[in-house]
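Reader: Please show me the model, and then let us take some questions on it.

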Amino acid sequence: MSDLLAGAYLAKGTIGNVGTPGAPIASFSLVVVPSQNSVSGTVVITQAISGPDGHIVVPVTGKIYATGFGQFTQVVSLQGQYVHTFPPPAIGAFLANFDAHLAIDGSWNGTGGFSYYQHDIENVPVKAAANLQAELV
């Protein structure tokens with residue numbers, strides 16, 4: 001049973017054009033278990049706009065695989081759902097989907113994209129949190 005979490009570690013960082021005004025940014029905090037090819041955690045999407053898309057918290061699960069070649073040595077997929085509420089004067093809410101795909105190196109830096117309700121962000125940087133980069137190398 002103890003082998004189930006063999007090699008587990010924490011990965012934190014961002015997906016998106018950090019510093020670009022109005023750009024949606026997905027910040028991730030994930031527990032990665034390479035021996036099980038699994039990833040789970042939370043993604044927080046922030047955007048400098050008012051309304052329901054300004055701050056979204058999404059519980060996610062996904063998969064991680066080694067590529068075995070090239071600059072990007074791992075690929076990650078994430079999926080989750082969150083409650084999307086309509087802005088007033090509309091009334092109602094529904095479960096919206098979140099998906100992300102990352103091509104990263106061993107330090108969790110690379111490129112990727114994500115999509116959520118009526119938003120598709122592609123070919124943006126993936127950057128590991130500065131305080132974790134030393135631990136992941």
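Reader: Over how many bridges do strand E4 and strand E5 pair?

Author: This is a predicted model, where local features need pLDDT of at least 70, side-chain atom pairs count only at pLDDT 80 or more, and totals for chains, interfaces and linings use all residues. Residues are numbered from 1 along each chain as its sequence is written, and side-chain values use heavy atoms, without hydrogens and water. Strands are DSSP runs of E, at least two residues, numbered from the N terminus; two strands pair if DSSP finds at least two bridges between them. E4 (residues 55–66) and E5 (residues 74–85) run antiparallel, and their bridges number seven.

Reader: In what order do the eight strands close into a barrel?

Author: The pairing is antiparallel. The barrel order is E1-E2-E3-E4-E5-E6-E7-E8.

Reader: Is Gln 74 buried or exposed?

Author: Buried means under 20% relative accessible area, exposed over 50%, partly exposed in between (1.4 Å probe, protein chains only). Gln 74 has a relative accessible area of 15%, so Gln 74 is buried.

Reader: Why does Gly 92 count as partly exposed?

Author: Gly 92 sits in the loop between E5 and strand E6 (93–104). Beyond its neighbours within four places in sequence, Gly 92 contacts His 84, Thr 85 and Phe 86. Gly 92 counts as partly exposed because its relative accessibility is 30%.

Notes. Helix = DSSP H or I, 4+ residues; strand = E, 2+ residues; numbered from the N terminus. Contact = heavy atoms within 4.5 Å.
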